[in-house]
Amino acid sequence: MKQHLGGGEISDTEQENMLSLLGLYLHIPFCRSKCSYCDFYSMPCAERQEARKLMQSYTDALLLHMEDYAGAASHHAVDTVFIGGGTPTVLPVSMLRILLDQVDRCFNLTENAEITIEANPETVSRSSLRSLRRAGVNRLSMGLQSANDSELRLLGRIHDSNGFGAAFADARAAGIGNINIDLMYGIPGQTPESLRRTLEYAVALEPEHISLYGLKIEENTPFGRQREALEPYLPDEDTELEMYLDAIDFLASSGFIQYEISNFAREGYACRHNLKYWRCEEYLGLGPAAHSYLGGVRFAYTRNFSDYIKALEEPDKGVIILSERSRIDEDERAGEYIMLGLRLTEGVDMGSFAERFGFDFTAADNVRRKLHMYVENGFMTADAGRLALTPKGMFVSNYIISSLIPCDREEYAGLRSGTEL
């Protein structure tokens, strides 16, 4: 396909090179049932007929929202699409295909775009996956969490390990050559040995990517309401650290390169969409609770499903669905650049940082002292002007990063002048 820009005919590749790159996220807030630990914005859809109406209304609203952004995104080339949830594959395949067609119509989709969809084993079949592959999906992210069926039941998952294995085989048969498996550690009752069995099970399936997240008990979840009862069964911090470090070693020995705190991939299969977040690149998120960073502005949409649909179906009614909007100044962006960059194993190149933001982050005495302490104690490395967390540092990354990021303009002024604060 060729398009016309500025009156002259150019190829797709030439056009893509002229446009800024953009990641697109579409939120599908439906799932079969809510897991015990889940704090994402989603709703279980039990009654088939009523659920179908809700899904159709939501699909229509999302189509309108994409149409609304077609003009604003016309100077961008979308090179990653991520359909997340919830469980997007709860949505009928026909609706998912319509959404993917709309992406192609409304945005400058690159020829080699990474198009990911999240799924759970019980919501896919070989035929549905084949249909999604034909529609352009080339990356699947599927939730296993654990290969231990008792751990799965505790988490509120409605599949078992055998069901996951069958779904994985169906995805391969459908022609999907890039599959991520989501895993979890720190599950109540989990041991380093049971986590190792889960890792062995996942690696044996030969995926291209594995994500391993530590369980966080969020307040507004079943686990949050049962925290006191769960407490005796949760692995302690030393055990969790053992699990994490063992997982890193095992996955490395199995050919998976750790490129972010919780993400491991075979060579060439790091998730391009998620890298946009960690490298402070632009992305547009559509749907309730979706976040964006576009044109120097960060914004998010309401977590109210009904308001979201009403605002798009009846724009003249004045329903406000933006829940937050703020222009990000250079000081704040500099802090985010450090915070997000340190999540990556590649870390932050301080020369590139200084070139982009105009000051040396390590100049102030108090920052240097903290960095020296973290390096001396094996939590960070500082080689050839590049700061990075070690695996041990990644386990306590929230503490380390928050201690390094300036809190206010006065601190940034101190960093710029290299003086003590």
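Predicted model: local features only at pLDDT ≥ 70, side-chain atom pairs only at ≥ 80, totals over all residues.
**The whole chain**

Along the principal axes, the C-alpha atoms occupy a box of roughly 60 × 60 × 40 Å. Among contacts between residues at least 6 apart in sequence, 70% join residues at least 24 apart.

Next, switch to a surface. The chain exposes about 19,400 Å², of which carbon and sulfur atoms supply 48%. Of the 421 residues, 53% count as buried. Colouring by charge brings up 41 positive and 62 negative side chains, and the centres of these two sets lie 5 Å apart.

**The nonpolar cores**

Hide the surface and select Phe30, Phe107, Leu286 and Phe353. In the largest nonpolar core, which has 112 residues, these four touch the most other members. In soluble globular proteins, nonpolar side chains tend to be buried together.

Centre the view on Phe107. Not counting residues up to four places away in sequence, Phe107 touches Leu24, Met66, Tyr69, Ala73, Val78 and Leu284. Then select Cys35, Tyr37, Leu155 and Leu230, which are among the members of a second, separate core of 11 residues.

**Strand S14 and Leu294**

Go to strand S14, residues 291–294, and pick Leu294 within it. With a relative accessibility of 15%, Leu294 falls under the 20% limit and therefore counts as buried. Beyond its neighbours within four places in sequence, Leu294 is in contact with Leu22, His76, Glu282, Tyr283, Leu284 and Phe299. For a distance across the model, select Ala51 as well: the C-alpha atoms of Leu294 and Ala51 are separated by 33 Å, and the two residues are 243 apart along the chain.

**Helix H12 and Lys310**

Move to helix H12, residues 305–313, where Lys310 lies. Is Lys310 buried, exposed or partly exposed? Its relative accessibility is 39%, so Lys310 counts as partly exposed. Apart from neighbours within four places in sequence, Lys310 is in contact with Pro315 and Val319. A C-alpha to C-alpha line from Lys310 to Asp39 spans 24 Å, for a pair 271 residues apart in sequence.

Most residues other than glycine have a negative phi, and most peptide bonds are trans.

Select Gly85 and Gly86 first. The peptide bond from Gly85 to Gly86 is cis, with omega near 20°. Gly86 belongs to the loop between strand S6 (76–85) and helix H3 (93–106).

Continue to Glu206, in the loop between helix H7 (192–204) and strand S10 (209–214). Its phi is near 60°, a positive value in a residue other than glycine. Glu206 has 55% relative accessibility and so counts as exposed.

Finish at Cys280, in the loop between helix H11 (272–278) and strand S13 (283–286). Here too phi is positive, near 60°, in a residue other than glycine. Is Cys280 buried or exposed? At 8% relative accessibility, Cys280 counts as buried.

Conventions: Residues numbered from 1 in each chain as written. Heavy atoms only, no water. Buried < 20%, exposed > 50% of the residue type's maximum accessible area, 1.4 Å probe, protein only. Contact = heavy atoms within 4.5 Å. Areas by Shrake-Rupley, 256 points an atom, 1.4 Å probe, with all protein chains shown as cover. Lys, Arg positive; Asp, Glu negative; His and termini not counted. Charge placed at Lys NZ, Arg CZ, Asp CG, Glu CD. Core = buried A, V, L, I, M, F, W, Y, C linked by side-chain atoms within 4.5 Å. Helix = DSSP H or I, 4+ residues; strand = E, 2+ residues; numbered from the N terminus.
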